[in-house]
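These notebook entries record what I looked up, beginning with the charged side chains and ending with a helix.

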Amino acid sequence: MCGDVLHFAPEIVGGGGYGYPADLWALGCLAYELFTANAPFGAPGEVESVVYGRIAKRDRGPDPDGTPPGLSAFWDALFAVEDERAGVVDLKNHPFLAAVDWAELRARAAPSPLLALCAPAPDAGAFGAWRAGLEAAEP
């Protein structure tokens, strides 16, 4: 087995065969960690058998305070039993992602939601200095 045990799907923990749905489980782990800053089924350094037990039962515990209901349902779709786990089309049509314009995203024309966090203008001042320092260091 390869990868972080915190992201293993139940079918991997069970020692059986696994396929594409295991990748979708790992995507669910990533989505969970991006929102909560914690792994859904354990913590780094925790005893693997305890983590494996939670994964096998799909027991991620209660959602953190402030979790939007749609996000919880999105995680549920990714942490479902293997043969009921959401596929890519299901995820793209999931209500939590309803605001995503997939055609615009694919064309790389979608505006970044992060630009609002950089208002009034992004500060890229350090990047020029970084690049100049990089060029000066090249032989």
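Buried means under 20% relative accessible area, exposed means over 50%, and partly exposed lies in between. By that scale I classed arginine 54 as partly exposed, because its relative accessible area is 25%. I note that the model is predicted.

Entry on arginine 54. I looked up its partner and found glutamate 46, the two side chains meeting in a salt bridge at 2.6 Å, N to O. Glutamate 46 also counts as partly exposed, at 28% relative accessibility.

Entry on the whole structure. I searched for salt bridges throughout and recorded four.

Entry on glutamate 11. I found its side chain in a salt bridge with that of arginine 85, at 2.8 Å, N to O. This pair links distant parts of the chain: glutamate 11 lies in helix H1 (residues 10-13) and arginine 85 in the loop between H4 and H5, 74 residues apart.

Entry on arginine 60. I found a salt bridge to aspartate 63, with the closest N and O atoms 3.2 Å apart. Arginine 60 counts as buried at 14% relative accessibility, whereas aspartate 63 counts as partly exposed at 24%.

Entry on helix H4. I listed the buried residues of H4 (residues 69-78) as Leu71, Ser72, Phe74, Trp75, Ala77 and Leu78. What covers these buried residues includes helix H2 (20-36) and helix H5 (88-92).

Notes: Residues numbered from 1 in each chain as written. Predicted model: local features only at pLDDT ≥ 70, side-chain atom pairs only at ≥ 80, totals over all residues. Heavy atoms only, no water. Buried < 20%, exposed > 50% of the residue type's maximum accessible area, 1.4 Å probe, protein only. Helix = DSSP H or I, 4+ residues; strand = E, 2+ residues; numbered from the N terminus. Contact = heavy atoms within 4.5 Å.
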